Amino acid sequence: MIISNIEQVPGKVVTQHLGLVQGSTVRAKHAGRDIMAGLKNIFGGELGGYTELLQESREEAISRMIAQAEALGANGVINVRFSTSAITAGASEILAYGTAVQLREA
């Protein structure tokens, strides 16, 4: 499966457009990590717990998007984008979406 954030893949030709595919996840860290992040926010530096949370969320959203593309018979997803939004206090959604396509060598 080729995943790309550009509209065309060099060396490949889109032979079939299969439509929009997406994957999302809503996640929150436990209260202990929220407290530590609050303290870190005072002193500065990377909020490792939140960085890890977002990385896990992106991977899960991409995995779900790929599963949807495979179900359509795609071998690629192009023009992939991410979106995020707050669902409740301390929880956010990551959405990955793109266009499922069939690609072949140019």
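Two strands are taken to pair if DSSP finds at least two bridges between them. Helices (H or I, at least four residues) and strands (E, at least two) are DSSP runs, numbered from the N terminus. The structure is a predicted model, in which local features need pLDDT of at least 70 and side-chain atom pairs count only at pLDDT 80 or more, whereas totals for chains, interfaces and linings use all residues. Residues are numbered from 1 along each chain as its sequence is written, and side-chain values use heavy atoms, with hydrogens and water left out.

Within strand β4, Ala-96 is the bridge partner of Phe-82. Strands β3 (residues 76-88) and β4 (residues 91-105) run antiparallel and are joined by ten bridges. In general, the strands of a sheet pair through backbone hydrogen bonds, in either a parallel or an antiparallel manner. The open sheet here is formed by four strands in the order β1-β3-β4-β2, with mixed pairing. Its edge strands are β1 (2-3) and β2 (12-28), each of which pairs on one side only. Helix α2 (residues 48-71) packs on this sheet and touches β1, β2, β3 and β4. The direction of helix α2 makes about 140 degrees with that of β2; axes are lines fitted to C-alpha atoms, for helices over the stretch in contact, and angles run from 0 to 180 degrees between N-to-C directions.

Two residues of strand β2 were examined in turn. Thr-25, located in strand β2, counts as buried at 7% relative accessibility. Buried denotes under 20% relative accessible area, exposed over 50%, and partly exposed in between (1.4 Å probe, protein chains only). Beyond its neighbours within four places in sequence, Thr-25 is in contact (heavy atoms within 4.5 Å) with Ser-57, Glu-60, Ala-61, Arg-64, Ser-92, Glu-93 and Ile-94. The side chain of Thr-25 is also joined to that of Arg-27 by a polar contact of 3.4 Å. Such a contact is a pair of N or O atoms within 3.5 Å; within protein, one must be able to donate a hydrogen and the other to accept it, and residues adjacent in sequence count only if both atoms are side-chain atoms. Val-26, likewise found in strand β2, is partly exposed, with a relative accessible area of 48%. Apart from neighbours within four places in sequence, Val-26 is in contact with Ile-87, Ala-91, Ser-92 and Glu-93. The C-alpha atoms of Val-26 and Ala-67 are separated by 17 Å, the two residues being 41 residues apart along the chain.

Charged side chains were considered next. A salt bridge is a side-chain nitrogen of Lys or Arg within 4 Å of a carboxyl oxygen of Asp or Glu, and by this rule the count comes to four. In one of these, Lys-12 pairs with Glu-105, the closest N and O atoms being 2.3 Å apart. Because Lys-12 lies in strand β2 and Glu-105 in strand β4, the pair ties together parts that are 93 residues apart in sequence. Lys-12 is partly exposed at 26% relative accessibility, while Glu-105 is exposed at 53%.

Arg-27 forms a salt bridge with Glu-56 (3.5 Å, N to O), linking strand β2 to helix α2 across 29 residues. A further salt bridge joins Arg-27 to Glu-60 (3.9 Å, N to O). Glu-60 lies in helix α2 and Arg-27 in strand β2, so this pair ties together parts 33 residues apart in sequence. Arg-27, Glu-56, Glu-60 and Arg-64 are linked in a network of salt bridges.
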